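This briefing concerns side-chain contacts and strand pairing in one protein model. Please consult the sequence and the structure shown here alongside the text.

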Amino acid sequence: MTNIQLDFEKKTVDILIWKGQVVMSRSEEPYFKAIFSRLASLKPDKVLEIGFGLGISAELIQKYMKPQLHDIYEIESSIFSDLEGFSAKRPSVKAHLGDWQKQLITQRYDFIFFDPFDYIEIEEDHFEKWIIARAKMAARMKELLSEEGVLCHPHFGDGEVPELPGFTTIIVERLKVSPILMADGTICEDAAVILQKPYKEKS
């Protein structure tokens, strides 16, 4: 189990701030509601959620998708305590502490929601490392999906959705959203609901 414990400058039910960066804020809630209300028809039995934050997406997954199993991984200890409180009231939710990439996960999921915060210091070669890490994460998530499983993650802004190695990107809908406070303090009013489906292996 690899986890971290951080000193947040601000940690309330409405906002998380670490080293001047907005980790998550309640301003994201209307956008997340749009995501899960539009994807409710998927009706996934088994859901993997990576990153708990304020619990906004977890609550909406429970409300709209109603999975039989809802595994949530959180790397930061104090946020994990919040997750434990959340899971205690919801039988389908299983709380996991640690880096999901370093866990032995044998379950296969119908739906993965990927929204962790990158708690790292920016280095000169960060972009190159990010490209490598992204490809590695994509391969791991592909392994964790069931045959018809799909991946979803937030997409802020009206620009192109970055391709994910091994996946086909589907833009379900582009949206105008209530102002969202971004990590760097800027405001975003455009977003998209996206799905990413793994390429089928050729036999």
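The points that follow treat strand pairing, aromatic contacts and salt bridges in turn.

The model is predicted, and local features need pLDDT of at least 70, side-chain atom pairs count only at pLDDT 80 or more, while totals for chains, interfaces and linings use all residues. Residues are numbered from 1 along each chain as its sequence is written, and side-chain values use heavy atoms, with hydrogens and water left out.

**Strand pairing**

- Strands S5 (residues 69–74) and S6 (residues 93–97) run parallel and are joined by five bridges; strands pair if DSSP finds at least two bridges between them.
- Helices (H or I, at least four residues) and strands (E, at least two) are DSSP runs, numbered from the N terminus.
- Glutamate 74 has leucine 97 in S6 as its bridge partner.
- Between S5 and S6 the chain passes through helix H3 (residues 77–88) in a right-handed β-α-β crossover, that is, with the strands pointing away from the viewer, the path from the first strand over the helix to the second runs clockwise.

**Aromatic contacts**

- Eight aromatic pairs are counted, where rings of Phe, Tyr and Trp (its six-membered ring) pair if their centres lie within 6.5 Å, and planes under 30 degrees apart count as stacked, over 60 as edge-to-face and the rest as tilted.
- Phenylalanine 36 and phenylalanine 113 are edge-to-face, because their ring centres are 5.0 Å apart and their planes lie at 70°.
- Phenylalanine 36 belongs to helix H1 (residues 29–39) and phenylalanine 113 to strand S7 (residues 109–114), 77 residues apart.
- Both phenylalanine 36 and phenylalanine 113 are buried (buried means under 20% relative accessible area, exposed over 50%, partly exposed in between, with a 1.4 Å probe and protein chains only).
- Tryptophan 100 and phenylalanine 114 also form an edge-to-face pair, at 6.1 Å centre to centre and 75° between the planes.
- Tryptophan 100 is buried at 6% relative accessible area, and phenylalanine 114 is buried at 15%.
- One aromatic cluster comprises Tyr31, Phe32, Phe36, Phe111, Phe113 and Phe156.

**Salt bridges**

- The whole structure holds seven salt bridges, each a side-chain nitrogen of Lys or Arg within 4 Å of a carboxyl oxygen of Asp or Glu.
- Arginine 26 meets aspartate 14 at 3.4 Å, N to O, and glutamate 29 at 3.5 Å, N to O.
- Glutamate 173 and arginine 38 form a salt bridge with their closest N and O atoms 2.6 Å apart.
- Glutamate 173 lies in strand S10 (residues 167–181) and arginine 38 in helix H1, so this pair ties together parts 135 residues apart in sequence.
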